There are 2 protein chains.
Amino acid sequence: MSLLVVGSVALDSVETPFGSRENVLGGSATYFSAAASLLTKVSVVGVVGDDFPLGDLDFLRHRGVDLEGLEKVAGRTFRWKGKYGFDLNSAQTLDTQLNVFESFEPKLGAVARKAERIFLGNIDPELQMRVLDQAERPRLVCADTMNFWITGKRASLLKLLPRVDVLMVNDSEVRQLAGESNVIKAARAAQKMGAKNVVVKRGEYGALLVDGAQRFYAPAFPIADVVDPTGAGDSFAGGFLGLLDRLNSSDPSALRQATVMGATIASFTVEQFSLDRLRDLSLQDVRSRFDAFRHLTHFEELPDHVV
Amino acid sequence: MSLLVVGSVALDSVETPFGSRENVLGGSATYFSAAASLLTKVSVVGVVGDDFPLGDLDFLRHRGVDLEGLEKVAGRTFRWKGKYGFDLNSAQTLDTQLNVFESFEPKLGAVARKAERIFLGNIDPELQMRVLDQAERPRLVCADTMNFWITGKRASLLKLLPRVDVLMVNDSEVRQLAGESNVIKAARAAQKMGAKNVVVKRGEYGALLVDGAQRFYAPAFPIADVVDPTGAGDSFAGGFLGLLDRLNSSDPSALRQATVMGATIASFTVEQFSLDRLRDLSLQDVRSRFDAFRHLTHFEELPDHVV
């Protein structure tokens, strides 16, 4: 089993009602691989500048993450600056500096090309396509995207979708992609555009999996102290694909468990700033919250004589 | 088993992106009893004016709803006018005319006084208290409230809460009551104020039950064609208390099933305007969607060797 993620490795500056951090570790590939590496072997393809503190990724190396595909080039690392209000569900972006990411051209090495499962982080759909063109025989492709590409690179995105097994986006993205306000209808429309399955991430409200004609809803695990929601979506994706790779399956039951695993790991991510909580997270912690998830949503059948 | 609801019986004018209706049947007691009467015997205490088309309630009478406590007095019926945008999650109130409701003084008859379970619809907490003062031996009291009373009649509400087994409010109400933005913490604070259990209704995102220290989350049943969200909360309450009364229980398992039953019946309510969908709803329809709910949220345990 093997998993590849292509995405950003970034330095984030974040302000929430509970504090702020400057130039801390961030990026979609970083959150993804921190989550997924708890469950399986992950290769990262991305780029950082010569200002990037590579030592900050040691905890990933110790978990066996293959960072061969993380290029270091001259220039500054991708930086994102954002702010959350008391409604922690959406960030206000204050600044985005693409820097070395602007001329990023993903190159898959020998190991990465053979990855069985691929996560295409939120980058230009043309780059996402070029990743797939280099992959040899992926059994499952999962892609994120965002409003910027949905409007600005729509044609490329529509070419990509038929090659995507799981489109993983948030409410507003699937609505915008489909031009449809109802999330169920919007997800169905995305399926008609070619995405085999759709996972709609709904922040503190959980995630909806639309798998063929079936639907599955996982709530977010209720967290009393959400400190920083940054990276929740990418660590959700890491938990999701990490479990599918570990199970070596994408049957309907595995997709449901993967959705819960995504929500489980994301619920840890938001408990601290940056990757602080993921850094020391153990598989045992994850397992026990996964099991608590069952208790959170479980209810007994009604006996036939009752209703 | 017997259930009492005290609340409004109203004429609503509603506009949604999918159409509009003028002076149609509405009100908390109406939605509640339409839902609950599918499951148990319900008595209604409320008031209407001499302009109210009592024939519109025949479908409730046919379901055995006891309308003895619905006074008809000189004057105009309570009227509400509201509008929903494409975000169907919250209404904009355009007009509220209390009319005969302004001098409403709930009087419980012989049957109503003996009710084992009581739903206090969203009315002045002083009136809610006077209902409880007339009740003989309720086994379970469930109360709704709203921002207007939370700020305007806070002292009365705080006196009421220790007599409430289930406080049933929406996100913003529990946040406002507790002065706390995190919903989990806000629900805990409401428990400290005296409410034994708290159900937080989250519209299209489902409902959270906080039962002692336990938490249970039921998503909203995904509906592709939401036409009019009016009454979803009160029919949720009707399904919730209707099932508890039918089961004659409020143990943790019954509270979970009741939460799902509330979400189930509410999901029918929003499919049509006013009480149009509830009017012809059968218990068989309800049962089959309740069972579909299990499928929506069910996932298999992870085998021990996997994680």
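The model is predicted, and local features need pLDDT of at least 70, side-chain atom pairs count only at pLDDT 80 or more, while totals for chains, interfaces and linings use all residues. Residues are numbered from 1 along each chain as its sequence is written, chains are lettered from A and ligands numbered from 1 in the order in which they are written, and side-chain values use heavy atoms, with hydrogens and water left out.

Helix 7 of chain A spans residues 171-178; helices (H or I, at least four residues) and strands (E, at least two) are DSSP runs, numbered from the N terminus. Its buried residues are Asp171(A), Glu173(A), Val174(A) and Leu177(A), where buried means under 20% relative accessible area (1.4 Å probe, protein chains only). The elements covering these buried residues include helix 5 (147-152), helix 6 (154-160), strand 10 (166-170), helix 8 (183-192) and strand 11 (197-201) of chain A.

Ser156(B) sits in helix 6 (residues 154-160) of chain B, and it counts as buried because its relative accessible area is 16%. Leaving aside residues up to four places away in sequence, Ser156(B) touches Pro125(B) and Glu126(B), contact being heavy atoms within 4.5 Å.

Ser249(B) lies in the loop between helix 9 (232-247) and helix 10 (252-269) of chain B. Ser249(B) is buried too, because its relative accessibility is 16%. The side chain of Ser249(B) reaches the backbone nitrogen of Asp251(B) at 3.1 Å. Beyond residues up to four places away in sequence, Ser249(B) touches Arg117(B), Leu244(B) and Ala254(B).

Key
Buried < 20%, exposed > 50% of the residue type's maximum accessible area, 1.4 Å probe, protein only. Polar contact = N/O pair within 3.5 Å; in protein donor to acceptor, adjacent residues only side chain to side chain.
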